[in-house]
Amino acid sequence: MKKEMEISREIDISTDLGGIKLNNPVCAASGTFGYGREYEPYVDISKIGAVIVKGTTLEPRAGNPPPRIIETASGMLNAIGLENPGINEFLNTHLPYLRENNVTVIANIAGNTIEEYAAIAEMIEGNPGVAGIELNISCPNVKQGGLQFGTDPQMVYEVVKAVKEKTTLPVMPKLSPNVTDIVEIARASEAGGADALSMINTLMGMAVDINTRKPFLANIFGGLSGPAIKPVALRMIYQVYREVKLPILGGGGIVNYRDALEFLMVGATAISVGTGIFINPQLTEEIVSNLLHYMQENNVASLSELVGAAHQA
Amino acid sequence: MPGMQQGLVISHNQVNRDMFELEFIAPEIAEECQPGQFIHIKPGLRDQPLLRRPLSIYDVDKRLGSVTLLYKVVGTGTRLLTSVRTKEYVDVMGPLGRGFKLPDQPERILLVGGGVGIAPLVYLARVLEEQGCDITVLHGTESRRQLVAFEKLRQIGTDFFPATMDGTAGYKGLVTELLLKKIEPKKLDRIYTCGPEPMMAVVAEFAANHNIEAEVSLEEYMACGVGACLGCARKLKTNDTQYVKVCKDGPVFNIKEVELYK
Ligand SMILES: Cc1cc2nc3c(=O)[nH]c(=O)nc-3n(C[C@H](O)[C@H](O)[C@H](O)COP(=O)(O)OP(=O)(O)OC[C@H]3O[C@@H](n4cnc5c(N)ncnc54)[C@H](O)[C@@H]3O)c2cc1C
Ligand SMILES: Cc1cc2nc3c(=O)[nH]c(=O)nc-3n(C[C@H](O)[C@H](O)[C@H](O)COP(=O)(O)O)c2cc1C
Ligand code: FES
């Protein structure tokens, strides 16, 4: 018992995600944790590695008509349609609250055009309390006929570069898994100047209501999240870790510390939990304490011993 | 403040072919419960089903620190819930949402419930009764077997009038027909309703015609239950530009704010 406590003092689980300093590696994923406030009764939000806030656009968005969500086998589909109050409202009302509560904040931004992404980054610049920017590139580019930014290496390169030019904050594109070659997209991000990569966003899917014979979601397609996508996320992070040197924020289907360990072992520097929070609002805290316990039990002194461990022969 | 707890199940009874009453001890949650709020419960420990399920607060015993739910088996989650036994624990979050707005003084109240929609109206009746209100309840179901709240409502001291489609108890036909035939609007100060939307739409019309304050409890698929995921969005009126979150802004709304599906 005494020995364990001594070890626990030595274990350091703080980490650095391409310049984003995290007290611990467990973050709350964008769109699943609102602006932090909603979960205040359940968890000390200042102790979360980072709260990645709801995707924010230049102008407010009303979002998609309902139904917006439907549960599927070990997962759920969502088509929220980026409902958000716009960047001004975020900066004026939500950010001050998070700052007062000492929350490590990563802003998640989305746009219709490269110029919009750059404009939002510019507006965030200089506002204290934002530790980094996550770029949601799973959005249609209206100037390119609605092709998703995240599916085209050239567009990924350009959007990362444009944002980097407008901000001094670390920039972390969030890769869409709906691509043929994820490594190509990761390389394009690196070339554009990304400081880290966030992997993965939801997988596009759909469900049909057999009674009405119609797609269940009003938007027809939705993003699949939850345990169902974990193997895909792990595979993609494993591939990217071998080819690209950027630190990775890994997530997709994490619901306990064993899942979190798998992500670290395939190469994630930090992890994010989303859908899992809906089931257990204290999941971030729980993973941190179980992770510490695991490290004690297995004589692991630092996270770096775990990151990428699955790649060693 | 709402919380998350492991509730110790002290009773779990099948009350008819497909409905169950589940009572668990969770003092911190029980203490906070307001009528019309809901509990977000996780059926089973595994990923299937994955998400919590919202169930209305059916009754509360603050002295005992217990909360009772009334649920109907409709799918995977509710079916799995039936296997929970007494002395086992249920994973519960709550109380969540905005409940019914209570009158400031004793009033003459009408409660209109359809099917399992009676659930939130029972705890409401208990609280209103304690406030000295005069309460009439109309409950519409298929058959007398579904009039599961009858005992509780009578014991609370309400005037209870059932309507069954098969005529096995009370009025034979729709509860809304009973409403229009039986209830004298002049003798009412306020109405609360929960049930199928076409039923609530008739209640809304009745309330509007007679200028009676009324509230409805709505349903929408939910994930987080706390206003974080924006999954439970609904436009209260067709021409509204903004969506409300049923879990956080509701589930209870003023009937005048809502266009109900007919
Ligand atoms: C605020 C609120 C309070 C509720 N209170 C009660 C209650 O007190 N007692 C009770 O029995 N039920 C209540 N419900 C409905 C209950 O949440 C659903 O019946 C339950 O989630 C179904 O879970 P399942 O896994 O068994 O069904 P699933 O397998 O998820 O679905 C089975 C069928 O039920 C329908 N369904 C599922 N969820 C909903 C929903 N949220 N709204 C409408 N239809 C749905 C689906 O269309 C499907 O046909 C409430 C819902 C809300 C939003
Ligand atoms: C309801 C919901 C809303 C989401 N909104 C966003 C968003 O606004 N921006 C974004 O980049 N990702 C969004 N995501 C994706 C999550 O951040 C996360 O990447 C994904 O759900 C996979 O992780 P999980 O399986 O742990 O949920 C959303 C996911 C869900 C379920
Ligand atoms: S269920 Fe998540 S916002 Fe209502």
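Visitor: How many residues surround ligand 1, and which are the closest?

Guide: This is a predicted model, to start with. In it, 20 residues surround ligand 1, and the closest are Arg53(B), Pro54(B), Gly77(B), Thr78(B) and Tyr221(B).

Visitor: What makes the pairing of Tyr221(B) with ligand 1 a polar contact?

Guide: The cut-off is an N or O pair within 3.5 Å. A polar side-chain atom of Tyr221(B) sits 2.6 Å from an oxygen atom of ligand 1, so the pair qualifies. As for cover, ligand 1 taken alone exposes 870 Å², and the protein buries 77% of that.

Visitor: Why is the site of ligand 2 called shared between chains?

Guide: Because residues from chains A and B both surround ligand 2. The shell holds 24 residues, with Ser30(A), Lys174(A), Gly226(A), Gly253(A) and Thr275(A) the closest. By class, that shell splits into seven nonpolar, 15 polar and two charged.

Visitor: What makes Arg53(B) and Glu71(A) a salt bridge?

Guide: The rule wants a side-chain nitrogen of Lys or Arg within 4 Å of a carboxyl oxygen of Asp or Glu. The closest N and O atoms of Arg53(B) and Glu71(A) are 2.9 Å apart, so the pair passes. The rule finds one salt bridge across the interface of chain A and chain B. The polar contacts there come to five residue pairs. On the chain A side, β5 (69–72), β6 (75–78) and α8 (275–279) each supply at least two residues, and β5(A) gives the largest share, four residues.

Visitor: How much area is buried between chain A and chain B?

Guide: About 2,600 Å², with carbon and sulfur atoms giving 64%. Tyr42(A), Glu71(A) and Ile279(A) supply 25% of what chain A buries against chain B, more than any other three residues. In contact terms, 34 residues of chain A meet 29 residues of chain B.

Technical notes
Residues numbered from 1 in each chain as written. Chains lettered and ligands numbered in written order. Predicted model: local features only at pLDDT ≥ 70, side-chain atom pairs only at ≥ 80, totals over all residues. Heavy atoms only, no water. Contact = heavy atoms within 4.5 Å. Buried area = accessible area lost by both parts, 1.4 Å probe. Polar contact = N/O pair within 3.5 Å; in protein donor to acceptor, adjacent residues only side chain to side chain. Near = heavy atom within 4 Å. Areas by Shrake-Rupley, 256 points an atom, 1.4 Å probe, with all protein chains shown as cover. Nonpolar A, V, L, I, M, F, W, Y, C, P; charged D, E, K, R; others polar.
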